[in-house]
Amino acid sequence: MLQLFDTITGGEVAAPMQAASHEPVLVDRITRLLAVTDGPGIVVDATIGMGGHALALLAASGPDVALVGFDRDPDALALAGRRLAAFRSQLHLIHAGYDELIEQVGPLRDELGAVRAVLYDLGVSSLQLDRADRGFSFRHDAPLDMRMDTTADRTAADLVNSAAPDELRDLLRTYGEERHAGRIARAIVDARPLRTTSELADVVAAAVPARARSGPRHPATRTFQALRIAVNDELNRFRASLPQALEMAAPTTSADRGGRVAVLSYHSLEDRIAKQTFVDAATGCVCPPDLPVCGCGRRPWARALTRGIVRPDDAEVARNPRARSAKLRAIEMIAPRPTGDD
Ligand SMILES: C[S@@+](CC[C@H](N)C(=O)[O-])C[C@H]1O[C@@H](n2cnc3c(N)ncnc32)[C@H](O)[C@@H]1O
């Protein structure tokens, strides 16, 4: 029943486990939105990470609810498996990208019931940031890696040492919203090959104007974020996955209840994908108001559960700085997916 659980728990997580004590972002709100207390079904945690949200969801849901947790990172799955051991019989851990949602979860529905909730908590986990050898952080000197899936081919070193200067500049600008993208890209190209996080951080710090070095954030923060998003192809994978979540959570007949989908994002490009997808699903007739009868035939198949975005309050941000840029959006599916003939 527990796919991968046994094989994964055989793997050691070498890092200290401070990560386990990190507070999951907006955990109370997410639990109120997504916990299932009325009968069986599947809750999908598309980014199980250290299992913080999953633990809260399992604790608040009924015992006949199954939690299917995805992660691309084998270390995250190993840790989540250990943290959630008390819920072993309800847990299904899957080492796959969340862009395989339908392929992986579809076949489980006969046995476990309908998909009642899907959660995305996007980006990098504290476990990944705290593990020096993963190369996600300029705070630790390590090989320039940044792969969430340690079995994937391309590392951040491969990317910075092979990308064309324009490509580097564009990705720093787009994924890092880095104002000094051009200068940094040129400095990287001049300093190649770069092999470690410290080498990259030093090159970036030397490339930016002096005033950018004196702010509260390390001048390489945005460069590291941009490279991480690019190495892991984060936005394309999320764009491919979210429509699958809506489809999985949608009722199959108009008599069924639909599930809920929630997205916690930390970057404006991620939030834009969530917003567009959710608004599109919740939009009905788009005919001009003066048209006497609807000609477009559009019907909403979701309704918003959050008005715009929900943000953590000041107290949460003070306890957990990672929550600072978090935005939560959630919807409930109310009808089967429109076929185009509707
Ligand atoms: C912010 S952490 C999740 C933390 C988790 N909510 C918790 O409470 O511990 C994001 C996780 O998503 C994983 N991840 C990122 N991209 C993914 C993808 N395309 N498919 C599956 N997992 C992914 C990362 O490896 C990371 O462990």
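## Charged side chains in a predicted model

The side chains of Arg337 and Glu247 form a salt bridge, with N and O 3.5 Å apart. Arg337 sits in the segment after β7 (327-333) and Glu247 in helix α14, so this pair ties together parts that are 90 residues apart in sequence. Arg337 is partly exposed, at 47% relative accessibility. Glu247 is partly exposed too, at 34%. Keep in mind that this is a predicted model.

The structure holds 18 salt bridges. Three of them are listed here.

| Pair | N to O distance |
|---|---|
| Arg337 and Glu247 | 3.5 Å |
| Asp99 and Arg237 | 3.6 Å |
| Arg228 and Glu234 | 2.9 Å |

Which parts does the bridge between Asp99 and Arg237 tie together? Asp99 lies in the loop between β3 (91-95) and α5 (101-105), while Arg237 lies in helix α14 (residues 234-249). The pair therefore links parts that are 138 residues apart in sequence. Asp99 is partly exposed, with 25% relative accessibility. Arg237 is also partly exposed, with a relative accessible area of 25%.

Are Arg228 and Glu234 buried or exposed? Both residues are buried.

Salt bridges can also join up. Asp73, Asp75, Arg131, Asp133 and Arg134 are linked in a network of them.

Arg186 belongs to helix α10. Its relative accessible area is 52%, and Arg186 counts as exposed because the cut-off is over 50%.

Terms used:
Residues numbered from 1 in each chain as written. Predicted model: local features only at pLDDT ≥ 70, side-chain atom pairs only at ≥ 80, totals over all residues. Heavy atoms only, no water. Helix = DSSP H or I, 4+ residues; strand = E, 2+ residues; numbered from the N terminus. Buried < 20%, exposed > 50% of the residue type's maximum accessible area, 1.4 Å probe, protein only. Salt bridge = Lys/Arg side-chain N within 4 Å of Asp/Glu carboxyl O.
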